[in-house]
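My entries follow in the order in which I made them.

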Amino acid sequence: MAGDPKTLNYYSAHAEDIFNRYEQVSGGVSDFFAASFPTGARVLDIGAGSGRDLRRLLELGYNAYGVEPTDALRERAIATYPILKGRFEKGTLPDSIPFYGGFDGILCSAVLMHLPSNQHFDALVAMRNLLNDHGRLLISIPAERPDIEDNRDTAGRLFETIPPEQLKLLCQRLGLECIDEFNNDDAMGRQGTRWATLLFVKRSKLGQPLDRIESVLRNDKKVATYKLALLRALCDLSERDERAVSWRQNQRIGIPIQHIAECWLQYYWPLVASPQILPQIQSEAKGGKPIKFRASLSALIRAAQQHYGVIHEPELLSLFMLQWRRGQLPDELMNLTQKTLRSIATAIKDGPIKYADDGTMFAYDKASKQVLIDAELWREFCLTGYWVRDSLLLRWAELVERFAHKHLPAVSQGIVMELLLQQTKVGREQSFARKLYLQKSDLRCVWTEQPLPARAMDVDHALPFALWHNNDLWNLQPAAKRVNNQKRDGVPQPSLLRARRDALIENWDYVREQEPTLFAHEVQRTLGAFSPSRWQDDLFNHMKLKAEQAIYSRGAVAWEPRS
């Protein structure tokens, strides 16, 4: 059943009272119809309730239709206003709309907040598919609602908070560009309640200019690689851990500086470990002042080499990262790691945060220990970070070669690029996951349910490594070799993920039991929090959302097993 049962039951039980209250209200979202939809447009009102806005659309000359899941409301509206007969049908988001596209406009007023958060993306996909190219989508959501506690109002209705900036990001990934925004008081006069109404247009092609990022890359003075490292971290975090940010009221988002520092540790490790000095700041090439964390990172690398008896890269970094995430670093290495991260965080605060784009691009909130960035800029990273990253790496390699040109002529772009592209050993994490799964009783292919003897098992990246570079345990799943060979870099169809949800969660429960520290660390980094009561739902919704984004926004190949 689509939607939230408690909310749907409330509307059914109180249909007569709700109808009468809605009919006494004027204004609200209907004030924006003329500015939003072209004259005579074919418009669909989703969640039409009492039919009030549907009638207003008809009065304004639109070829309007409506859908509503509550039978009692819809039937009362048709009985009272016969003009709605043949235009007002039973239906709801995300997958029960009795129309098949061809709309110039869609109205979705006070609906999304009543859907569970895991249905928001599906609902937006459904509305996008109903729209013609250049069609308009008018969405109204609560901007302020003081009576909400634990995502419910006093009547028990679901109210999932959707910050307007986050909604813009979700829509933009689907080629729905926000072209106008309205804010208004509650038409029903509820104290403290305000509404945000956003107007989107469906673009036939996706895309968002990156002028501000390009300006930093092209025009900012660069005496160190720090700005490039910060932008690279934002690309990686926006793609991998986008939910681990906080959406703020002032159209900014906050990113824990610890997350950025951990990215930098992995970026700079192979550069600092190189026997050839690779200057990351202008003065390093001639033996001058080094980057702020070179000494602490060098000490950490030496200590790791001695402890593990490994000197080659990327084997050493791979082993170190795995043991760190498992919470099994010895005290000496843990202390050195924390010291290095503190030095890196200082470099981030005193360098690119202070100076990028003349100090206007970023800010640092000391109380929350978060780096602040405009939500609009964050959306750009989320939409296009996966290809901006390639440009960043090339410029990073060029910059290091320029620093080294006079005093270290052996340093070339090729040498630097090879180290910048260096990944931790994928096989180490896969081997680790394989050992865990081989101890599981009744082991089965996650995609087909067929029994898996050891000789027939592969460890599959459920979300392809080629797209996300994600080796977290939750993304490593047991699969039949034959099936994994079919899948390759395909992205599981959302319908396949829904069908295999229980199998995925069973595997997550198992590996969490085996490696609780590592699993919790990876889930918390991915989701921003580890909720003991709902982490399975949150993680599954995250995986499904990532698959949908890849298929709908990045053109990835959708996959399901062949019979």
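**Largest pocket.** I began with the largest pocket, which holds about 880 Å³ of space. This is a predicted model, so the entries below describe a prediction. I counted 28 residues in the lining of the largest pocket, and Ser-117, Glu-160, Thr-161, Gln-166 and Arg-243 lie nearest its centre. I then asked which elements supply at least two residues of this lining. They include α6 (120-130), α7 (164-172) and α23 (535-553). The largest share comes from α23, with 6 residues. By class I noted 10 nonpolar, 10 polar and 8 charged residues in the lining of the largest pocket.

**Second largest pocket.** I looked up its volume, which is about 660 Å³. Its lining has 32 residues, of which Asp-236, Arg-240, Gln-266, Gln-423 and His-469 lie nearest the centre. The elements that give two or more residues to this lining are α9 (226-240), α10, α12, α15 (375-404), α16 (413-420) and α18 (465-468). I sorted the lining of the second largest pocket by class and wrote down 14 nonpolar, 7 polar and 11 charged residues.

**Cavities.** How many cavities of 30 Å³ or more does a search of the whole structure find? I noted 4. The largest cavity has a volume of about 720 Å³. I found 43 residues lining the largest cavity, with Tyr-11, Tyr-22, Gly-47, Ser-109 and Ala-110 nearest its centre. Two or more residues of that lining come from each of α1 (5-13), β1 (42-46), α4 (52-59), β4 (103-109) and β7 (194-202). Of these, α1 gives the most, 3 residues. The classes in the lining of the largest cavity are 19 nonpolar, 15 polar and 9 charged.

**Second largest cavity.** I put down about 90 Å³ for the space in the second largest cavity. The residues lining it are Arg-240, His-259, Glu-262, Cys-263, Gln-266, Met-321, Trp-324, Arg-325, His-521 and Arg-525. α10, α12 (315-325) and α22 (516-527) each give two or more residues to this lining. α10 has the largest share, 4 residues. By class, I have 3 nonpolar, 3 polar and 4 charged residues for the lining of the second largest cavity.

**Helix α10.** The axes of α10 (residues 257-273) and α13 (residues 331-350) come within 9 Å and cross at roughly 105°. The two helices are therefore roughly perpendicular. From α10, the contact is made by Ile-257, Gln-258, Ile-260, Ala-261, Glu-262, Trp-264 and Leu-265. From α13, I listed Thr-337, Thr-340, Leu-341, Ile-344, Ala-345, Ala-347, Ile-348 and Lys-349. This contact has 10 nonpolar, 3 polar and 2 charged residues. Glu-262 is in the contact with α13 and also in the lining of the second largest cavity.

Note on methods:
Residues are numbered from 1 along each chain as its sequence is written. This is a predicted model: local features need pLDDT of at least 70, side-chain atom pairs count only at pLDDT 80 or more; totals for chains, interfaces and linings use all residues. Side-chain values use heavy atoms; hydrogens and water are left out. Axes are lines fitted to C-alpha atoms, for helices over the stretch in contact, and angles run from 0 to 180 degrees between N-to-C directions. Angles under 35 degrees count as roughly parallel, over 145 as roughly antiparallel, 65 to 115 as roughly perpendicular and the rest as oblique. Contact means heavy atoms within 4.5 Å. Ala, Val, Leu, Ile, Met, Phe, Trp, Tyr, Cys and Pro count as nonpolar, Asp, Glu, Lys and Arg as charged, and the others, Gly among them, as polar. On a 1 Å grid over the protein atoms alone, a cavity is a set of points where a 1.4 Å probe fits but cannot get out, and a pocket is an open set with protein on both sides within 12 Å along at least five of seven lines; lining residues have an atom within 4 Å of a point. Grid points are joined across faces, edges and corners, and a volume is the space filled by probe spheres set on the points.
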